[in-house]
Amino acid sequence: MAVGSLLTNTHPALRHAWHPVARAAEVADRPRRVVLLGEPWVLVRAGGRVRAFADRCPHRFAPLSLGACDGTTLRCAYHGWRFDGEGRCVEIPALGPGAALPPRAQLAAAHDVTERHGMVFLAPEEPSAPLGAVPEADDPAFLAGDLPVVTARASAGLLADNFLDMAHFPFVHAATFGAEEPVVPPIAVARDGLSFTAVSEHEFANREDPAVAAGVRPLLQRRRVTYRVDAPFHLVLRLDFLDAGGTNVIGFFLQPETEVSCRIYCTLWRDDLEGDAGRMQEAVAFEQVVLDEDLAVQQAYDTLALPLDPTAEVHTKADRATLELRRMLASFAAAASAPT
Ligand code: FES
Ligand SMILES: [Fe+2]
């Protein structure tokens, strides 16, 4: 298989995309070093917003993340050069006050950086696709619960594949939620540029519904499952409980750090907990166990890459959503490498 048909964590196309690099709370008053696509960046809050620069001082290439931020400027820890929020050098202590500063004393900024649904997203170069949305994150009816961020030896492409895959539930998740019907229901896929949705409906045993114990509703109830994927690794799963009511949303956002590691950001949004933080904690703990079950498989792969060539693997109609992921990411890789 040609190398270009494998989506590794450091594939050059991924430079033209939005990626999560931190939870918003992880970027406070100290510079924070993050690694994305094998490159180190420093995140700082300056002038009321997050900025991202290559983590390398232009003077002697010391990591800027060793430095300090005063809310407006970033000072390098080595020789004290100071840079403003735009990355311009505003002070070189060794030259004294009022000295002329070299024009090349300028930090290399990311193309863009922004905060969205509780995370910081960075685009190293102009993105080929817009940053995905999570409407429920801004809806006051929904309570949010963050899982601790996990660093795993894994491929972002394979993790995205796993998140969309329903056929593994009875096997990988037998100890949690998967001991149900193994047949995957028909999946309706709708592509929209470098995004797609995959919708299906199935029956499941709603053991959490108090109306089941009271004999008001049957145990087997209908659930609509809607996945939304925005290239490359912004995934949202929305579960609508059609009989009992209520909506659960799972956000799954992947930061390809290096060839062999990813950071995984998972957040739950639920409108069926009546603001009960304790029940949200239980839901987060359960999701953590589910994620650990997935990682036991994902971390065991020898080749950490997602094949984009549709003939490389064997697909069935139960793999409709994960096949679309490959098609969409192949289009994304082609768009990112096309000359502009
Ligand atoms: S290396 Fe940063 S000021 Fe010298
Ligand atoms: Fe899973």
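The following exercises, each with a worked solution, concern a predicted model.

Residues are numbered from 1 along each chain as its sequence is written, and chains are lettered from A and ligands numbered from 1 in the order in which they are written. Local features need pLDDT of at least 70 and side-chain atom pairs count only at pLDDT 80 or more, whereas totals for chains, interfaces and linings use all residues.

**Exercise 1. Describe the side of domain 1 that touches domain 2.**

Step 1. The domain assignment, automatic or from a database, gives domain 1 (19–123) and domain 2 (135–337). Their C-alpha centres lie 35 Å apart.

Step 2. Residues are in contact if their C-beta atoms, placed from the backbone, lie within 7 Å. The contact takes 11 residues from domain 1 and 13 residues from domain 2.

Step 3. On the side of domain 1, strand E2 (19–23) and E3 are the elements that give two or more residues. E2 gives the most, with 4 residues.

**Exercise 2. Decide whether His-117 and Glu-274 are buried or exposed.**

Step 1. A residue is buried if 20 or more other C-beta atoms lie within 10 Å of its own, exposed if 12 or fewer, and partly exposed in between, with C-beta atoms placed from the backbone.

Step 2. His-117 is found in the loop between strand E10 (112–116) and strand E11 (119–123). Its phi is near 30°, a positive value in a residue other than glycine. His-117 has 23 other C-beta atoms within 10 Å and is therefore buried.

Step 3. Glu-274 is found in the loop between strand E19 (261–270) and helix H4 (277–298). Phi of Glu-274 is near 50°, a positive value in a residue other than glycine. Glu-274 has 8 C-beta neighbours inside 10 Å and therefore counts as exposed.

Definitions and conventions:
Two residues are in contact if their C-beta atoms, placed from the backbone, lie within 7 Å.
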